[in-house]
Amino acid sequence: MQLFDADPKRALKVHFGFDAFRPLQEEIVRDVLAGRDVFALLPTGGGKSLCFQLPAVMDGGLTVIISPLIALMKDQVDGMLATGVAATALNSSLEPNELRRRAAGLERGDYRLLYLAPERLAFAQTLDDLERWNVTRIAVDEAHCISEWGHDFRPEYRRLADLRRRFPNVPVLALTATATERVRTDIVTSLGLRDPRCYVASFDRPNLLYRVVPKDGAYHQLLHFVRGRSRDSGIVYAASRRQVESLADKLRADGVVALPYHAGLDPKVRSRNQERFVRDDASVICATIAFGMGIDKPNVRYVVHYDLPKNIEGYYQETGRAGRDGLPAECLLLFGAGDAAKQRGFIEEKEDEHERALAERQLDEMIDFAESAECRRRPLLRYFGETYEGPCGNCDACLMPRASFDGTVVAQKFLSCVARIRQNGGFAVGMQHLVDVLIGKATEKVKNWYHEDLSTFGIGRDVPRPQWVAIGRELLRLGLVRRSPGLRGTIELTADGRATLLDRRNVTLTVAAVVTEAPHATAAEDALFEELRALRKRLADERDVPAYVVFSDATLRAMARKRPANLMELRGVSGVGDKKLTDFGDAFLEALGAFSERGE
């Protein structure tokens, strides 16, 4: 293989087919080539893998990549082989003879990249072998797994400290897509990075459309959404294994090729379902959060959260699996007040008080995000310490600003009810009990505490229960009421709330938004894209690789838009490198020519 030891941009075009780097990629690649330790935080879809793949192409030796998911390694190796770069993986899924064959190739120096699971570092033989295989750099993917403060801590990642001690002079590149400041510091310390160059890209994913919709017949909302995107791949996240199975069954019964994925499935079934989804044989995967980390499928066009996530960090990571190819993608969260109550129930079961308090704070942040009328990106990026001015123009709050209304009367009724209950018994109650009193529902608790005798009993009969809950949540967000310290779930007035009540201050509230249809390309471009996608699927199946290993959706969309007529023009399409031009160019040019001859 020819080496390009001085021009990363030329190597980028020749091997990967791209004319330009994504933000921070070139700086990271040049530091890696210079032998520096590097920490890089790039959002999902930001091109983390290229930061170690390109240096491996440009100089000698072996780049070792520590990756947490065995299922992902084959796809990454197939992707590199498709670009003409020699890569392999060693993991527990391989038969002994295959392991020996690959080890022999490593002894001969046949490979540029080696993917390893962190568990293999527990074997002394692995470290001994690496010493003979001319390791020139180590890349740690999903580096947040090393931190106990991260959302996906994995104890086996602690073994990476031993790897650094064994290879003190080999530079290390740590990569992650999501980490708070605390986790970033922990990664640098735990891996023993020496004077590292640290790169932190914006957490913003401009191509993602964020939308939160109140639950109202949730399954039918989901079915309507999925059917409107029948040509696209999507992930539906649900809170429980039972819910995952139920949604997959219902969607299949309604004609959607949907499969379940959760930790309780037989490993072979789980792996087969993931494989079918990755290879576009199933359009929808219904999953718990067990699915997704490192899933290298760039053409996921939507992610639906059927249930409320536990925290913003998890939500960000899960939505980040959409649109990795840079094309537009949608993130829909179906939110209902019952979701929050269910999550609080789980939290109350935690025995550790610190864990419970942390989980409650994270849940409150998630609920505030779901119910806020401000640009979705502001609270999302604020969580990671990034300021976003907005409006973004690509979320429901910006595209369909929620109408505001004079909520003074309803706010006065709610605040008065909170005050009267406290005055009557000297204690606070929860949101559901407050609403029962407002709508005049004489539950057993209401009668036991004589709250049906309050002057506020029934003063809100003209407002539906769900709307009262939404009003209460917004008053919480506005700081007019708060949850009572040390009394989980109970509501009390704040100083601002008391002043608002006594001074009859004006209060402005907002109303909810609704779901809309997916945007579509022009009819001709869409038709050509579908033909190119069918060709890609056939070529991928012949080679037993996922479709995106041949070309990404973004590359096919560019072909459909530009309609290249010869190999020179096709090479100018982003994502078409020299090896892929040789392997697939004639087939795609034939399909493009046939489409044009039909006059479409």
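## A parallel sheet and its cysteines

Helix α8 (residues 181-190) lies across the strands β1 (38-41), β6 (172-176) and β7. Relative to β1, helix α8 runs at about 155°. The structure described here is a predicted model.

The strands that α8 lies across, β1, β6 and β7, belong to an open sheet of 7 strands. Their order is β3-β4-β2-β5-β6-β1-β7, and the pairing is parallel. At the edges stand β3 (87-90) and β7 (197-200), each of which pairs on one side only. On average, neighbouring strands of this sheet are turned by 15° against each other, with direction ignored. In general, strands of a sheet pair through backbone hydrogen bonds, either parallel or antiparallel.

The cysteines are a separate topic. A search of the whole structure finds 0 disulfides. For cysteine 375, the closest cysteine sulfur is that of cysteine 392, at 3.7 Å. A disulfide needs the two sulfur atoms within 2.5 Å, so the sulfur of cysteine 375 is too far from that of cysteine 392 for a bond.

| Residue | Relative accessible area | Class |
|---|---|---|
| Cysteine 375 | 4% | buried |
| Cysteine 417 | 0% | buried |

Cysteine 375 counts as buried because its relative accessible area of 4% falls under the 20% cut-off. Cysteine 417, at 0% relative accessibility, is also buried.

Note on methods. Residues numbered from 1 in each chain as written. Predicted model: local features only at pLDDT ≥ 70, side-chain atom pairs only at ≥ 80, totals over all residues. Heavy atoms only, no water. Buried < 20%, exposed > 50% of the residue type's maximum accessible area, 1.4 Å probe, protein only. Pairing = 2+ DSSP bridges. Helix = DSSP H or I, 4+ residues; strand = E, 2+ residues; numbered from the N terminus. Axes fitted to C-alpha atoms, helices over the stretch in contact; angles between N-to-C directions. Contact = heavy atoms within 4.5 Å.
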